[in-house]
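Visitor: I have a structure open and want a quick tour. Can you walk me through the layout first, then the details?

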Amino acid sequence: MAVENRGASVIVTVDDSAPIILPASPADSRIRYGAPPYALLLDRNEALLMKSGAAPNTCRR
């Protein structure tokens, strides 16, 4: 998983799948991003990607 942080949004790429663009949620957040069915939490050196109905995907820098 690769996460490109653009401040107000992030671009997430998992394996060879199409990039997922997630806006900050709430809009002023810099650690929470999401748009159904995805949610992403950033915590220092770790990112947690969740998708409804699937197991969470975690990565470290």
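Visitor: What pattern does the protein follow, read along the sequence?
Guide: Along the sequence the pattern is β-β-β-β-β-β-β. That is seven strands and zero helices. Both come from DSSP runs numbered from the N terminus: helices are H or I with at least four residues, strands are E with at least two.

Visitor: Where do these coordinates come from, and what are the ground rules?
Guide: This is a predicted model; local features need pLDDT of at least 70, side-chain atom pairs count only at pLDDT 80 or more, and totals for chains, interfaces and linings use all residues. Residues are numbered from 1 along each chain as its sequence is written, and side-chain values use heavy atoms, with hydrogens and water left out.

Visitor: What share of the residues is buried?
Guide: Buried residues are 25% of the 61. Buried means under 20% relative accessible area, exposed means over 50%, and partly exposed is in between (1.4 Å probe, protein chains only).

Visitor: On to the sheets. What is the order of the four-strand one?
Guide: The order is S4-S5-S6-S7, in an open sheet with antiparallel pairing. Two strands count as paired if DSSP finds at least two bridges between them. The edges are S4 and S7 (57-60), each pairing on one side only. On average, neighbouring strands are turned by 15° against each other, direction ignored. Axes here are lines fitted to C-alpha atoms, for helices over the stretch in contact, and angles run from 0 to 180 degrees between N-to-C directions.

Visitor: How many bridges join S5 to S6?
Guide: Six, with the two strands antiparallel.

Visitor: What joins S4 to S5?
Guide: A hairpin, through two residues. Pro 36 lies in that loop, between S4 (32-35) and S5 (38-43).

Visitor: Is Pro 36 buried or exposed?
Guide: Pro 36 counts as exposed, because its relative accessibility is 82%. Its C-alpha is 9.2 Å from that of Leu 22, which is 14 residues away in sequence.

Visitor: What about the three-strand sheet? Which strands are its edges?
Guide: S1 (2-5) and S3 are the edge strands, each pairing on one side only. The sheet is open, ordered S1-S2-S3, with antiparallel pairing. Its twist averages 20° from one strand to the next. S1 and S2 pair over four bridges. Glu 4 stands opposite Ile 11 in S2.

Visitor: Now the core. How many residues make up the largest nonpolar core?
Guide: Twelve in all, including Val 10, Leu 22, Tyr 33, Leu 40, Leu 49 and Cys 59. Such a core is a set of buried Ala, Val, Leu, Ile, Met, Phe, Trp, Tyr and Cys residues joined through side-chain atoms within 4.5 Å. S2 (9-13), S3 (20-23), S5 and S6 each supply at least two of its residues.

Visitor: What does Leu 40 touch?
Guide: Among its contacts are Val 3, Val 12, Leu 22, Ile 31 and Ala 47, with residues up to four places away in sequence not counted. Contact means heavy atoms within 4.5 Å.

Visitor: And charges? How many salt bridges does the structure hold?
Guide: Two. The cut-off is a side-chain nitrogen of Lys or Arg within 4 Å of a carboxyl oxygen of Asp or Glu. Arg 6 and Glu 4 meet at 2.9 Å, N to O. Arg 6 counts as exposed at 54% relative accessibility, while Glu 4 is partly exposed at 38%.

Visitor: Which residue pairs with Arg 60 in the other?
Guide: Glu 46, with the closest N and O atoms 3.1 Å apart. Glu 46 is in S6 and Arg 60 in S7, so the pair ties together parts 14 residues apart in sequence. Glu 46 is partly exposed, at 30% relative accessible area. Arg 60 counts as exposed, at 65%.
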